[in-house]
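I opened this notebook to record what I looked up in the structure.

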Amino acid sequence: MITDRSARTAGLLTVILLAGAVLTADALESVNLKLGRVTGPGWSVDELESRLVWRDAQRAALLLTATRARLPEPFGSIAGLQLDCPDALIAADEVACSRARLVFSSDRIGPQQVRTGFSYRFSDRRLQLDLANIRLDGGRLSVHATQAAHGWDLTLQADGLQLDAVAARLAAAGILPVRIDGTGTLSITAELQGKAARPETGRLSARLESSAFSDAEGRLAGENLELQLDADVAAAGTRWRVSGELSAQQGQLYIDPVFVDMAKTPVHATTRFDWHPDQRRISLHAFDYDQPGTVSLHADGRLDIDASSMIETLSVDVREGVFPGLYDTYFQPWLINTVLADLDTEGKLSAQLYWQDRGLASVRLRPEGLTIHDREARFGFGGLEAQIDWAAQGPLRESQLAWEQGHVYRVPLGPSQLQVESAGSSVRLREPARIAVLDGELQVDEFELEYAPGTASRWHVDGLLTPVSMSDLTRALGWPEFGGRLSGMIPDVNYRDGDLSVGGMLLVRVFDGDITLSKLRLAQPLSVVPRLWVDARATNIDLETLTRTFSFGRIEGRLDGRVDELYMESWRPVSFDAAFATPPDDKSRHRISQKAVDNISSIGGGGLSGALSRSFMRFFKDFPYDRLGLSCRLENGTCEMGGVAPAANGYYIVKSRLLPPRLDVIGYADRVDWDSLVSQLVAVTRRQGAVVK
Amino acid sequence: MKTLRIPMAMLLMLFAAACVTINVYFPAEAAEKAADRIIKDVYGEQPAAPREPAAEPQSRFQPQVLPARYRYGLLDWLVSPAHAEADLSVNTPAISQLKADMEQRHRQLAPHYTSGAVGMTHDGEIAIRDQTLLALKDRNTVKTLVAKENRDRGALYAEIARANGHPEWEGEIRQTFARRWVDNAPGGWWYSSASGSWKQK
């Protein structure tokens, strides 16, 4: 378009000036020429008139006017055109005007008074044109163009263009997809060289400085931004070779949903690509993106501009990703609705991703010394090292994953290593894994994960938990510390739709007895409301150890019990049906201390402790008993209480022997608020903590 | 005699049938009250009811205090006999936990409700209304808050429905809350209609 224009401008000028030159021969002092309407392809000039006043043999004043001119897009139409050249050189081999004034009013860029100069040499047909001081979008534009036999070149220099005006212009032209408002200035230098109608090389240098800008929805916004863009373009056959460089040292940029703070981590990007206008495709030879301390990557591939999924092939090599910058800037915004939405991260990552046939084909991830920690404290891993290989198709890929330490909720995990293999949408454990849990080990013999886009992922585990010391576990969970060991066969762990069910049985050897956990089921363990169902059986618990551990007051004897259908939400019990009592055939020594009696009655709704302390019974340190026990059916926050046997208006919590000293503890409250019950229990064990040993 | 008994029996059957029908209806009033209790706590307009202090030993002699739902149940019964059995329990551990998290998060969200950056949606959630009102660096923080709040609100509605033995009420509970979040909000906050257009309260 520009070549057309310059060529035709040259042509028009030539005609007019030649006419002048011819008329000079007749020694006329001045010439007025009315050309009327002049048209060409895509342009027209109305009422074109020229006036030439000769000063000497070679010099004349030239005035050219036209009422209207219609120019090819994007130049629109202009009115009141007036070219005033007071001192034009009109010689046999050259026509020139070094100081001319061009006045016109454009429907695109408003009224203009432009300093201009031009020259044309007949011998080599060299045309030169300068336009300066064009007011454009709050700034100034100057144009320098030359055309000669070997080709033409065009230089545009624009300074102080106002960002919002330029953006509005680009949006109106359909170049910018959104309208942008804000304050900022843009400076552009563009050079273009070509031959005839064909540009061959170009160079663009643009600098944007903006204190603030944003589109209407705030999806694209910047503050205190300083961007520098340099690009070179060269034609090669049917394609365009482009190389460019972008750097931003200052300010913040938000491209929904990614926020980049360039004041903290400057951005530098370079690219080389070929643009094939006939195929509407880009061959990306290199795209290098560097943000020190955050990410450094290289990409190449082939893009189809018009396709819905632009990527034909693309390979991205993340040479170095540095946390937390990589997560905070580039990962977190995409993970807002997942369990990974709020992490503290540290460490490094390298990765290779490859897209083929418009889909992700393979991924290799190499985290190094990576630490992730959920800010809601649900999980965390430290010293993560992995070699993760995945491919959508083809043979099995092997991956390794190891961590030095981790935790799930408050249960710490020790150093562990997993070897897995994957194919398409399934992952399988290659060899049994050992995950250190406190001082024990979770041995996972089998693990299979199936997932597919759009369907629920599910996995299956066969494993074994080697004994874990209860004192470590209870300490980790912040419970009163007690000895014993937890172990279990967990042959059939299934996960589906976020629900985890555990077949088999977990065994807790504790207080010289056994507690078995069965029918364990976990729903959405990492969600807002984790739910847990489990049945528990306790056999042959030694009460002396138990009461010593919980500082409850000494009780001797054994205890059996059951907790059926325990249901917990957010790790707090909602309902269960529990009963604990002295086993019917228990032959052990049955003694209960005065302190224990006091405590039982204080929590069980009994009515004896006060009486006990005041009566002669206080002379006894402990009492023999026949049976003791308590049951609670929890529902709707209320515990329906029971004991070992019914009593008048209540139930026996402790039932005496026939021989004195006889002592019965009778509970009268049949409905107890669960929260109060728990806080009473906690208060009792805390209060007694220092006393009882 | 016989002619008299048959209508009587029919009347009784009708009455029984009517009773059954009443229980199926969603307890709209009770739901509003339950929603208001939670919302006022979250908004912090009135301090949360103090937790029952750890019971002193002598409290064992007092008649056992029934949990709150029975007391409210009684009130509801007086007000609206038809809904006597349909009071909504909101005293499960999960609901308490959700409410506590939302109360805490509300302190971070409140300035954004006031500025108009965040508004209440017609389906009982919240949304970024105008992110140009947020500083660039805060946008993803606020988006994360909004996502977490919506996650908790969704869980809360489901939890209330589930805790009351009617998981199918979730949609109606959500609708009730949607209205009450707006009604209890101070003037100046923004809310959206079903068509998605924003209005300022």
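**Entry 1: contact between the chains**

I first looked up the contact between the two chains, which takes 35 residues from chain A and 29 residues from chain B. I note that the model is predicted. On the chain B side, I found that helix H4 (93-115) and helix H5 (139-163) each supply at least two residues to the part touching chain A. H5(B) gives the most to that side, with nine residues. I then sorted the chain B residues that touch chain A by class and recorded 11 nonpolar, nine polar and nine charged.

**Entry 2: a helix pair in chain B**

How far apart are the axes of H2 and H6 of chain B, and at what angle do the helices pack? I found the axes of H2 (residues 28-43) and H6 (residues 170-184) to be 9 Å apart, at an angle of about 50°. H2(B) is therefore oblique to H6(B). The crossing of H2(B) past H6(B) is right-handed. From H2(B), the residues in contact include B:Ala28, B:Ala31, B:Ala35 and B:Ile39; from H6(B), they include B:Ile173, B:Phe177 and B:Trp181. By class, I recorded eight nonpolar, five charged and two polar residues in the contact of H2(B) with H6(B).

**Entry 3: confidence in chain A**

I looked up the pLDDT of chain A, which averages 87, with 92% of the residues scoring at least 70. Over residues 605-611 of chain A, pLDDT stays under 50, and the model has 23 contacts beyond four places in sequence for this stretch. Residues 688-693 of chain A also have a pLDDT below 50, and I noted 10 contacts beyond near neighbours in sequence for them in the model.

Key:
Residues are numbered from 1 along each chain as its sequence is written. Chains are lettered from A and ligands numbered from 1 in the order in which they are written. This is a predicted model: local features need pLDDT of at least 70, side-chain atom pairs count only at pLDDT 80 or more; totals for chains, interfaces and linings use all residues. pLDDT is the predictor's confidence in each residue, from 0 to 100. Two residues are in contact if their C-beta atoms, placed from the backbone, lie within 7 Å. Axes are lines fitted to C-alpha atoms, for helices over the stretch in contact, and angles run from 0 to 180 degrees between N-to-C directions. Helices (H or I, at least four residues) and strands (E, at least two) are DSSP runs, numbered from the N terminus. Angles under 35 degrees count as roughly parallel, over 145 as roughly antiparallel, 65 to 115 as roughly perpendicular and the rest as oblique. A crossing is left-handed if the near helix is turned anticlockwise from the far one by less than a right angle, and right-handed if clockwise. Ala, Val, Leu, Ile, Met, Phe, Trp, Tyr, Cys and Pro count as nonpolar, Asp, Glu, Lys and Arg as charged, and the others, Gly among them, as polar.
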